[in-house]
Amino acid sequence: MGDKITIYQKPTCSKCRDALSILKESGREFDSINYYDDRLTVEVLRELVRKLGISVRDLLRADEPLARGTESVDDDELLRLMAANPDLIQRPIVVRGDSAVLGRPPERIKKLLDN
């Protein structure tokens, strides 16, 4: 597995701040991407879903008001909605090489770093 580590996060999110602390404490270099400032494209989101090993729908923050009425929306449209509305994306996402985890609970990040 490659050593490049990237976190996709929102600075005001407490879980993202926890994930950043774990990464800093690990002593490893990592890139931090605030996906509210640097919007994720549909292609990047599709690649993150692949690395996470989850469905597109699992990346959706279903409790967000913008997610209402998306039950019958296909994956391509969900990805477009998430690219246009970052609040719809689960966070934080930590990528290491060709693997990724959603950083909730934070123990997932530690496992990713230990592999």
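Predicted model: local features only at pLDDT ≥ 70, side-chain atom pairs only at ≥ 80, totals over all residues.

Trainee: OK, helices. At what angle do helix 1 and helix 5 pack?

Mentor: Helix 1 covers residues 14-26 and helix 5 covers residues 107-114; they pack at about 30 degrees, and their axes are 10 Å apart.

Trainee: Left-handed or right-handed crossing for helix 1 and helix 5?

Mentor: The crossing of those two helices is right-handed.

Trainee: Which residues in helix 1 and helix 5 meet?

Mentor: From helix 1, A19, I22, L23 and S26; from helix 5, I109, K110 and L113. Sorted by class, that contact has five nonpolar residues, one polar and one charged.

Trainee: Switching to the backbone. Most peptide bonds are trans. Which kind joins R91 and P92?

Mentor: A cis bond, with omega at about -10 degrees. P92 sits in the loop between helix 4 (75-84) and strand 3 (93-96).

Trainee: And what about the bond from R104 to P105?

Mentor: That peptide bond is also cis, and its omega is near 0 degrees.

Trainee: Where is P105?

Mentor: P105 is in the loop between strand 4 (99-102) and helix 5.

Trainee: How far apart are P105 and K15?

Mentor: In sequence, P105 and K15 are 90 residues apart; in space, their C-alpha atoms are 8.5 Å apart.

Trainee: New topic. How many aromatic pairs does the structure hold?

Mentor: One. The partners are Y35 and Y36, with 5.3 Å centre to centre and 25 degrees between the planes.

Trainee: Why is the pair of Y35 and Y36 called stacked?

Mentor: Because planes under 30 degrees apart count as stacked, and the planes of Y35 and Y36 are at 25 degrees.

Trainee: Is Y35 buried or exposed? And which is Y36?

Mentor: Y35 is buried, at a relative accessible area of 1%. Y36 is partly exposed, at 22%.

Note on methods:
Residues numbered from 1 in each chain as written. Heavy atoms only, no water. Axes fitted to C-alpha atoms, helices over the stretch in contact; angles between N-to-C directions. Helix = DSSP H or I, 4+ residues; strand = E, 2+ residues; numbered from the N terminus. Left-handed = near helix turned anticlockwise from the far one by under 90°. Contact = heavy atoms within 4.5 Å. Nonpolar A, V, L, I, M, F, W, Y, C, P; charged D, E, K, R; others polar. Phe/Tyr/Trp six-rings, centres within 6.5 Å; stacked < 30°, edge-to-face > 60°. Buried < 20%, exposed > 50% of the residue type's maximum accessible area, 1.4 Å probe, protein only.
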